[in-house]
Amino acid sequence: MAEVSNELIFEVLKQVQQRLDKVDHKVDELKSEMNAMRGYLISMQQDVQNVYAILGRYDGRLEHIERRLELNDAPAIST
């Protein structure tokens, strides 16, 4: 079996350190991408909430129109 010297251990440790530096860099890239995705998802959620709010207003207006035209036989639900 080959003898393990301090120089050999040092060379292996340098390679390990270089690989860990690359992993750290990749993790930082992934964090940035995840933050971008989080921002995109938050934006989409706000858009959906805005759509729901608009639909709610239109629903209220439509109910008002139906009551005015006496088209709705069901009792009105006040909100």
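**View 1. The residue that comes after helix α1.** Helix α1 is followed by Glu70, whose phi is positive, near 55 degrees. This is a predicted model, in which local features need pLDDT of at least 70 and side-chain atom pairs count only at pLDDT 80 or more, while totals for chains, interfaces and linings use all residues. Residues are numbered from 1 along each chain as its sequence is written, and side-chain values use heavy atoms, with hydrogens and water left out. Glu70 lies in the segment after α1, and its positive phi belongs to a residue other than glycine. With 68% relative accessibility, Glu70 counts as exposed (buried means under 20% relative accessible area, exposed over 50%, partly exposed in between, with a 1.4 Å probe and protein chains only).

**View 2. Helix α1 from end to end.** The secondary structure of the chain comes to one helix and zero strands; helices (H or I, at least four residues) and strands (E, at least two) are DSSP runs, numbered from the N terminus. Helix α1 has 63 residues and reaches 92 Å from its first C-alpha to its last, close to the 93 Å expected at 1.5 Å a residue. That expected span is 1.5 Å times one less than the number of residues in the helix. Of the chain's 79 residues, 0% count as buried.

**View 3. A nonpolar patch on the surface.** Here you can find Val4, Leu8, Ile9, Val12, Leu13, Val16 and Leu20, which together have about 620 Å² of accessible area. Patches are made of residues with over 30% relative accessible area and no salt bridge; like charges are joined within 9 Å, and nonpolar side chains (Val, Leu, Ile, Met, Phe, Trp, Tyr) within 5 Å. Leu8 sits in helix α1, which covers residues 6–68, and is partly exposed at a relative accessible area of 44%.

**View 4. The salt bridge between Lys14 and Glu11.** Their side chains meet at 3.4 Å, N to O; a salt bridge is a side-chain nitrogen of Lys or Arg within 4 Å of a carboxyl oxygen of Asp or Glu. Lys14 and Glu11 are three residues apart in helix α1, so about one helical turn separates them. An α-helix has 3.6 residues a turn, so residues three or four places apart point the same way. Lys14 is partly exposed at 34% relative accessibility, and Glu11 is partly exposed at 39%.

**View 5. The salt bridge between Lys26 and Glu29.** The structure holds two salt bridges, and in this one the closest N and O atoms of Lys26 and Glu29 are 3.9 Å apart. Lys26 and Glu29 are three residues apart in helix α1, separated by about one helical turn. Glu29 is partly exposed, with a relative accessible area of 34%.

Note on methods
Accessible areas come from the Shrake-Rupley method with a 1.4 Å probe; for residues, only the protein chains shown count as cover.
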